[in-house]
Amino acid sequence: MENLIHLPIFKNVIKRYGKYTKKVNGELVKIIYDWFEREDRNQYKLGITKQQYDQMKSVVSPMDGHGELLAFDQFCDILIPVITGGENDHSIWLAFCSFNRNNDQYIQANELELLMHIIGKSVNREQIRYFIDKVDWDHNGQLDYNEFREFIKRGYARELLMMDITREIVYSTDKMDMPIKTK
């Protein structure tokens, strides 16, 4: 499954999104997201396991827009617009509602910090604020829906959530632009 992330990237590919899943007895137990964007030549990866999610959900209780606890597969689906930059406003709205834990119509740094804990990424509050400040037009230190939408669309959420594996890959100049893993 890990080797799937290093598939060839052809020169005509502008963006590539991959979602690789592992199921046991029909139940989703692991998911890996992969994102490549030719413009900045960065490649990102995010892997989450059900075990990791189950350990953290008792602490952070990820909820849907109706206040119901999200199942692992639902949580993974909520992350798709965050990674892809949101194909439609409805998917971004669902992500906004899920991350807005106190239902005040704003996403605060601490709510994004909880999300980081769920996916197992250690990010300090200053790093989160750095990304929030890029789209916080009213300078109140939190994101309303329109600011959150820009946070998603501009790729700041993806950059914050996913591991940049670009430095592990060297791009050749052949016609396939084949990524080669380096040490």
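Which residues have the most contacts inside the largest nonpolar core? They are Y33, I48, F75, L79, F99, F148 and F151, and the core has 42 residues. Before we dig in, note that this is a predicted model: local features need pLDDT of at least 70, side-chain atom pairs count only at pLDDT 80 or more, and totals for chains, interfaces and linings use all residues. Residues are numbered from 1 along each chain as its sequence is written, and side-chain values use heavy atoms, with hydrogens and water left out.

**The whole chain**

- The protein chain comes to seven helices and six strands; helices (H or I, at least four residues) and strands (E, at least two) are DSSP runs, numbered from the N terminus.
- Starting at the N terminus, the order is β-β-β-α-α-α-α-α-α-α-β-β-β.
- Of the 183 residues, 44% are buried (buried means under 20% relative accessible area, exposed over 50%, partly exposed in between, with a 1.4 Å probe and protein chains only).
- Take the contacts (heavy atoms within 4.5 Å) between residues at least 6 apart in sequence: 52% of them join residues at least 24 apart.

**The nonpolar core**

- A nonpolar core is a set of buried Ala, Val, Leu, Ile, Met, Phe, Trp, Tyr and Cys residues joined through side-chain atoms within 4.5 Å.
- In soluble globular proteins, nonpolar side chains tend to be buried together.
- In the largest core here, with its 42 residues, the elements giving two or more residues include β2 (27–37), β3 (42–49), α2 (72–84) and α3 (89–99).
- Helix α2 is the top contributor, giving seven residues to this core.
- F148 is in contact with I92, A95, F96, F99, I107 and L143, once its neighbours within four places in sequence are set aside.

**The EF-hand spans**

- An unreviewed UniProt entry lists "domain: EF-hand" for residues 87–122 and 123–158; the positions use the numbering here, feature names are shortened, and annotations may be inferred rather than shown by experiment.
- Residues 87–122 are 61% helix and 0% strand, with end C-alpha atoms 27 Å apart.
- Residues 123–158 are 58% helix and 0% strand, and their end C-alpha atoms lie 13 Å apart.

- In α3, the buried residues are S91, I92, A95, F96, C97, S98 and F99, and their cover includes α2, α4 and α6.
- N88 caps the N-terminal end of α3, with a side-chain oxygen 3.1 Å from the backbone nitrogen of H90.
- Helix α5 has I128, F131 and I132 buried.
- These three sit on the same side of α5 because they cover an arc of only 105° around the axis (the arc is that of the directions from the helix axis to the C-beta atoms).
- Facing away from that buried side of α5 are the exposed residues E126 and D133.
- Among the things covering the buried residues of α5 are α4, α6 and α7.
- N124 caps the N-terminal end of α5, putting a side-chain oxygen 3.1 Å from the backbone nitrogen of E126.

**T84 and the cysteines**

- T84 belongs to helix α2 and is buried, with a relative accessible area of 12%.
- Leaving out residues up to four places away in sequence, T84 touches Y17, W35 and R158.
- The T84 side chain also reaches the backbone nitrogen of G86 at 3.5 Å.
- How many disulfides are there? The count is zero, where a disulfide is a pair of cysteine sulfur atoms within 2.5 Å.
- C76 is buried at 1% relative accessible area, and C97 is buried at 17%.

How values were computed:
A polar contact is a pair of N or O atoms within 3.5 Å; within protein, one must be able to donate a hydrogen and the other to accept it, and residues adjacent in sequence count only if both atoms are side-chain atoms.
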